[in-house]
Amino acid sequence: MSSVLYDAPGPKAKARHRMLAVLGILALAGALGYVGYKFYESGEFVPSKWEWLQYEQIQIDLAKAVLATLQAFASGAVLALVFGAIFAIARLSDHVWIRAFATVIVEFFRAIPLLVMIFLFYFGLPVAGVEMTPYLAVVLGLMLYNGSVLAEVFRAGVLALPKGQQEAAYALGMRKTQVMVTVLLPQAIRSMMPTIISQLVVLLKDTALGFLITYQELLYYARNLGSQGVFDRPIVPTTIVIAAIYIVLCLLLTWLANYLDKRQNRSKKHIDLDDDKKPDATLADAR
Amino acid sequence: MDVLFDNLDVFANGFYTTIQLFVVSGIGSLILGTALAMLRVSPVPVFRSAGTLYVTIVRNTPLTLVFLFFAFAYPRLDMVDLSFFMTACVALTVYTSAFICEVVRSGINTVPVGQAEAARALGLGFGQVLGTIVLPQAFRSVLPPMMSMLIALLKNTTIAAGFSVAEAGQIRSILSERGENQLLTLIFVAVGFILLVMILTSVQRTLEKRWSVAR
């Protein structure tokens, strides 16, 4: 698509592009090199700052921290999917009061920052006499926020299905619930898979908010380790390692989304949706 | 209601800082995001892959980690000293611009091919085609997703509270020292955010009406 933006380069333009490419590489290498040099100069690359990686106990603890992150992700994801499915169905209900209730709930939880919601559960609820652990607060927040976003995704998926699907199901004599559960939702979920998974990537990244309410996940562990004098306060090395772990985890999920998308386009079961109605997977919410 | 009216100064200051954070990093990420989008469609492959690399890395990193880097690791570099406020702005800009870039890029794809072709036929170069013909039309068509990115940015500013910026997310900890009810405080903060989001949504509706083009 981008190729319409410029003409096929001739000999002069090719030479110019080559020069720009060299300049670009130099600028990039210069910037990265400068940052790298600054790190080197402030002694972040001396071996003593990286020694912590060799300790078996730390490797085990790091693995435990990754598990804690994945645990919050897994429970948050399952709950959010269930919450999303229920509220999507509620928003498509024939009864005005159910629809209104679901709309208010979904819009409400989408408008509040996730962090404020997590604070509400962690610091707010104990005032009302409800005991809260950081883990529970994080999972509840993730469920309500991402569940609301997913409810909108499911709803958009159902609305984007060809009308004939629903009409045919009713013509066969199916009840409302049957039409929704056996005909519409499975197709909607299938066609929305890439969007759903990119929302799950958002959910995975959001588990890092647990750091702010002392849920002992990956980021919390990195910060803790990074401030320990025994290992020469390796905050820069730990940040680099943790960032790599997060990026790999998210890329694995993204890769899964792409794989499913490709497989679905190959299969004969999928239905082409109207492109205007189907939200773009790359435009999933930044949060 | 007492919680709100007795501590109106704290609430006002908190939300004022939030809005400042939002405006500064919003403008910053719109500029950086557009520049990144231009890199990603440019004729030079190196620029394209540099843009892609940036977007892939940043989009897959939690914002809290970006904050952690700029708050704790960046000062070790001894480069430019940033205040807590500026640190938060930089972190939010770095993060949000990757998402803005993707929105702008998808907007470029919605502009009919004939527009760019006609511009090229008139002899305009890449910068002119993009700057005067394609981008102005692209921005109009991506207003709704762009606005939802900005709303996400507004909500993301709360993370700055965990890194010593006294904005709306930190109202709770200030008021808990004054011994106020934390549940009510947080509910008022949430209501404040709902109001701000509603304002942004109505701005979006107005702009959509004004900018809508018949195609």
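pLDDT is the predictor's confidence in each residue, from 0 to 100. Select chain B and colour by that score: the average is 87, and 98% of the residues score at least 70. This is a predicted model, in which local features need pLDDT of at least 70 and side-chain atom pairs count only at pLDDT 80 or more, while totals for chains, interfaces and linings use all residues. Residues are numbered from 1 along each chain as its sequence is written, and chains are lettered from A in the order in which they are written. For the complex, the predictor reports an ipTM of 0.85 and a pTM of 0.86.

Next, select the side of chain B that touches chain A. Here 56 residues of chain B are in contact with 52 residues of chain A (contact: C-beta atoms, placed from the backbone, within 7 Å). Helices that each supply at least two residues to this side of chain B include α3 (45–59), α5 (84–110) and α10 (182–211); helices are DSSP runs of H or I, at least four residues, numbered from the N terminus. α10(B) gives the most, with eight residues. By class, this side of chain B has 36 nonpolar residues (Ala, Val, Leu, Ile, Met, Phe, Trp, Tyr, Cys and Pro), 13 polar and seven charged (Asp, Glu, Lys and Arg), with the others, Gly among them, counted as polar.

Now move to α5 of chain A, residues 114–124. 10 of its 11 residues are buried, so this helix is largely enclosed by the rest of the structure (buried: 20 or more other C-beta atoms within 10 Å of the residue's own, all placed from the backbone). Among them are A:Phe119, A:Phe121 and A:Tyr122. Show the neighbours: the buried residues of α5(A) pack against α6 (134–160) and α8 (176–206) of chain A, together with α9 (171–177) and α10 of chain B.

Technical notes:
Contact = placed C-beta atoms within 7 Å. Buried ≥ 20, exposed ≤ 12 C-beta atoms within 10 Å, placed from the backbone.
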